[in-house]
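Dear colleague,

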Amino acid sequence: MESALVCSTVPRTTTSSLLKRRETPLDAPFHLSFSRNYVKCWGTISLSFRKTKKYKVFNCNVKVEDEACELVNGVELSIGDGVDSIDAYLCNAVKNNNGTGILLLSDIFGFEDSFTRDFAYRVACNGYNVLVPDMFRGNPWRKDEPKALFEQWIGSVDKQQVVRDIFTSTKWMADEFVAAGISKKFGVIGFCFGGGLLIDILAQDQGSEFGVGISFYGTRIDLSVASKIEVPLLLIAGDNDPLCPVNVLKEVENNANGCKMVVFEGRGHGFAHRPQSLEDDKDAEEAFLMMRNWLHDGLLSEN
């Protein structure tokens, strides 16, 4: 018997507060696990994974075009074979699926972090199929680690392996869409470490698989590759973020083709997916709407 996860629906609201949503435990409303080695996620596609895992389902208060939240499936996956195999998490819209894939590159806390998965779920609520790969292969930065060890940890991350894993994930998405008879370019979203890496990915891809990108407060950006980007790129950050200096983003904007930078006054690092105040929350909602419009215009609008 095939199993699928379907979230409970809630009425459309006039506002969508990330902070208010945190009042609902992330474990709610229930857990399910799959007993077979595949799950049907959209169309006729069957997705494979190595082992049975548990799945969390969340309520969604995202303001979407329909009167209620999209129904969303969530499933843990294993992508690739042998040493190239990596874990990933997929959220895909069941209702009004627009047939478009989004790759979400996490911050340093990895693909299992609740804030990252919550954001992936919100994007899927708008009709997308969102894949979040485990870029750190089970070894993300832990919140309880001493800050003094951070540089040692980040130095141990094999950036080239991360890039290979991202393109493995991209190929998997492309193969699945071809199997479903869909031929579309993907979008890519990145936060923090993932937002900086997104610049490298778009520069290497040069419009082959990705049609649009959104980088939230990217760190450790390689400015030397920005001129190779061939698709529309949206840069979102705050002006109170020492990890993502505005002058660095300005250099990217000046060198990348079709790039737009949006800077939120007074906002710090992580405000869009980890809001810490009501002010953060308000700007996080505005940033989310900007991202949603950028995805729609770059991937769904008729040219």
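Aspartate 205 is part of helix H5 (residues 192-205); helices (H or I, at least four residues) and strands (E, at least two) are DSSP runs, numbered from the N terminus. The model is predicted: local features need pLDDT of at least 70 and side-chain atom pairs count only at pLDDT 80 or more, while totals for chains, interfaces and linings use all residues. Residues are numbered from 1 along each chain as its sequence is written, and side-chain values use heavy atoms, with hydrogens and water left out.

Aspartate 205 is buried but has no salt bridge, and lysine 185, the nearest side chain of opposite charge, is 6.7 Å away. Here, buried means under 20% relative accessible area, exposed over 50%, and partly exposed in between (1.4 Å probe, protein chains only). A salt bridge is a side-chain nitrogen of Lys or Arg within 4 Å of a carboxyl oxygen of Asp or Glu; for charge, Lys and Arg count as positive and Asp and Glu as negative, with His and the chain ends not counted. The side chain of aspartate 205 does reach the backbone nitrogen of glutamate 209 at 2.9 Å and that of phenylalanine 210 at 3.0 Å.

**Salt bridges**

The count comes to 12 salt bridges. In one of them, arginine 117 meets glutamate 76 (2.6 Å, N to O). This pair links distant parts of the chain, with arginine 117 in helix H2 (residues 114-124) and glutamate 76 in strand S5 (residues 72-79), 41 residues apart. Arginine 117 is buried, with a relative accessible area of 10%, and glutamate 76 is buried at 7%.

Glutamate 285 and arginine 122 form another salt bridge (3.3 Å, N to O). Glutamate 285 lies in helix H7 (residues 278-300) and arginine 122 in helix H2, 163 residues apart; both residues are buried.

**Aromatic rings**

By the rule used, there are 14 aromatic pairs: rings of Phe, Tyr and Trp (its six-membered ring) pair if their centres lie within 6.5 Å, and planes under 30 degrees apart count as stacked, over 60 as edge-to-face and the rest as tilted. Among them, phenylalanine 177 and phenylalanine 186 are edge-to-face, at 5.3 Å centre to centre and 70 degrees between the planes; both are buried. One aromatic cluster is formed by Phe119, Phe191, Phe216, Tyr217, Phe264, Phe271 and Phe288.

Kind regards

Notes. Polar contact = N/O pair within 3.5 Å; in protein donor to acceptor, adjacent residues only side chain to side chain.
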